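This report describes selected features of the structure shown below.

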Amino acid sequence: MENIKEQDKISIKNLNFYYGKTEVLKDLSLLVKANEILSIFGPANSGTTTLLRTMNRMTELVPGSRIGGEIFLDGHNIHSANVNISELRRKVGMVFEVPAPLPMSIFNNIAYGPRLSGIKNRATLEEIVEKSLQMSVLWDEVKDRLHTSGMSLSGGQQQRLCIARILALNPEVILLDRPCSGLDPVSTSKIEESLRQLKEKITIIIVPHNVQQAGRVADRVAFLLMGNLVEVGITAEVFENPKDKRTSDYITGRFG
Amino acid sequence: MRIRLNPRTSQKIAKVVIWSAAILVLFVLFSIIIYILSKGIPNITWQFLTQIPSDMGRSGGILSPIVGTLSVTLVAVIVATPLGVGTAFYLTEYTRESTITKIIRFSAESLAGIPSIVYGLFGFIFFVIYLKLGWSILSGGLTLAVMILPTIIRTSEEAIRTVPPMYREVSFSLGGTKWQTMLKVLGPSALPGISTGIILGIGRCVAETAAVILTAGSALRMPISIFSPARTMAVHFYILAREGISLERAYGTAALLIILILLINIGANLLVNKFVAKGH
């Protein structure tokens with residue numbers, strides 16, 4: 001693919017997506033640059049979550065869904081036959097809207113992914129767990145109780161645990177679906193802080209739970225409306241000087 | 001004309017009715033258990049537990065029926081558990097609702113309602129005669145396995161369905177395959193429910209008479225392999241009581257059966273709790 005540039009981590013071309021007969025994404029094309037935070041925002045039911053989930057093929061779990069178009073990760077089509085879906089999901093990790101620790105200890109939650117990928121050595125796992133928790137700014141709060149249940153943490157801690165769980169797999173891209181929607185401002189700012197640090201090594205795509213968060217954390221933003229990509233650009237430019245009237249209406253709170 | 005009660009009166013009546021229902025049930029259950037235990041326990045001696053019955057069961061102990069019960073039940077559980085849990089996982093994880101799943105579920109539910117003597121007849125014709133296994137622990141165990149299969153399928157399926165769907169998504173999103181997800185997340189989360197089904201199954205096996213007498217026989221000798229015929233405690237009790245051989249020994253056997261079932265329940269609960277406590 002000669003027209004995909006080096007710095008494009010993910011490139012989406014003419015993506016169409018259907019749940020049954022409902023068209024959720026309409027002929028959507030989008031480039032995601034390496035090591036940026038891209039925020040995909042829009043009102044409810046505009047396809048933001050679906051777009052996020054197409055990037056690690058989590059949409060395939062929904063019966064009756066259909067996809068058209070192409071998605072490239074580092075220039076490789078993620079739908080080609082030789083792609084190992086488990087490896088793809090390790091490379092492109094995902095954090096869900098509802099913090100969902102598995103019913104096991106904090107340690108085992110984080111070691112879950114690495115163990116599935118075949119790492120068995122206890123010392124290696126311990127190292128991975130500590131590093132991941134430090135990267136998600138949770139280490140200091142849980143280092144003395146790694147073997148208590150992940151469910152015993154507060155909502156904000158659980159979400160950082162989920163981020164640590166992804167980081168344990170050494171991902172290249174992280175997809176976050178409204179990761180702070182149920183959290184208090186302190187937890188939210190802690191998560192945003194960890195995202196800014198992670199950006200050094202990882203490409204981050206986030207669907208924020210409100211427009212303000214998009215403005216705070218993102219390098220670039222993409223505005224989605226009814227499955228159409230309305231506008232994409234550098235955050236400050238889109239927020240101060242939107243090219244499309246629908247974007248400015250949404251940002252200024254005239255609808256949505 | 002409708003009679004109108006004031007809410008406080010109806011509340012009081014409801015309370016009395018509900019409480020008396022609960023107390024009545026408890027009373028009936030406990031009086032049966034206490035009656036059998038008080039009649040039976042005096043007969044349980046060291047000799048009773050360690051000797052093989054002699055003179056048709058009039059003297060000696062019930063060691064061979066104890067061994068018979070445990071081995072027939074063990075065969076049934078070893079055969080039925082993987083089949084039942086496997087079918088439950090197939091129904092919930094590996095297939096979508098279709099005609100096939102409906103047929104499987106319908107057959108399982110119909111099987112659950114069949115009287116056990118019919119299983120006995122089937123086991124006699126199929127395992128004992130057609131497969132030439134004879135009256136044996138194996139025939140009895142396989143027949144009981146078929147009998148408890150529906151219970152295990154249904155309770156396991158129920159248990160797997162109540163695992164939050166989110167756990168599956170999380171496991172897949174961390175690169176887990178379907179098999180890994182089943183083994184490491186769904187299985188452990190559904191374990192309490194699955195083990196309830198297995199315990200119910202064990203209870204039915206231990207207590208079963210009709211199906212076992214037709215397939216495992218009623219030999220009083222000590223079984224030496226799974227191809228030996230055997231008498232279970234329930235069958236022993238039935239023969240002792242029905243043929244008026246020894247009522248004291250019948251009560252002793254019954255008391256031991258109740259104690260055995262209680263111990264199995266308590267043991268299984270402890271095991272499950274220990275396992276579950278690790279995660280929650």
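## Sheet of chain A

Two strands pair if DSSP finds at least two bridges between them; helices (H or I, at least four residues) and strands (E, at least two) are DSSP runs, numbered from the N terminus. The model is predicted: local features need pLDDT of at least 70, side-chain atom pairs count only at pLDDT 80 or more, and totals for chains, interfaces and linings use all residues. Residues are numbered from 1 along each chain as its sequence is written, with chains lettered from A and ligands numbered from 1 in the order in which they are written.

In S8(A), A:Thr203 is the bridge partner of A:Val173. Strands S7 (residues 173-177) and S8 (residues 203-207) of chain A pair in the parallel sense over five bridges. Six strands of chain A form an open sheet of mixed pairing, in the order S6-S7-S8-S3-S9-S10. Its edge strands are S6 and S10 (228-234) of chain A, each pairing on one side only.

## Helices H3 and H4 of chain A

The axes (lines fitted to C-alpha atoms, for helices over the stretch in contact) of H3(A) and H4(A) (residues 122-135) come within 9 Å and cross at roughly 110 degrees. Angles run from 0 to 180 degrees between N-to-C directions, and 65 to 115 counts as roughly perpendicular; H3(A) and H4(A) are therefore roughly perpendicular to each other.

## Contact between chains A and B

Residues are in contact if their C-beta atoms, placed from the backbone, lie within 7 Å. The contact takes 24 residues from chain A and 16 residues from chain B. On the side of chain A that touches chain B, the largest share, four residues, comes from H2(A).

How values were computed. Contact = placed C-beta atoms within 7 Å. Parallel < 35°, antiparallel > 145°, perpendicular 65-115°, else oblique.
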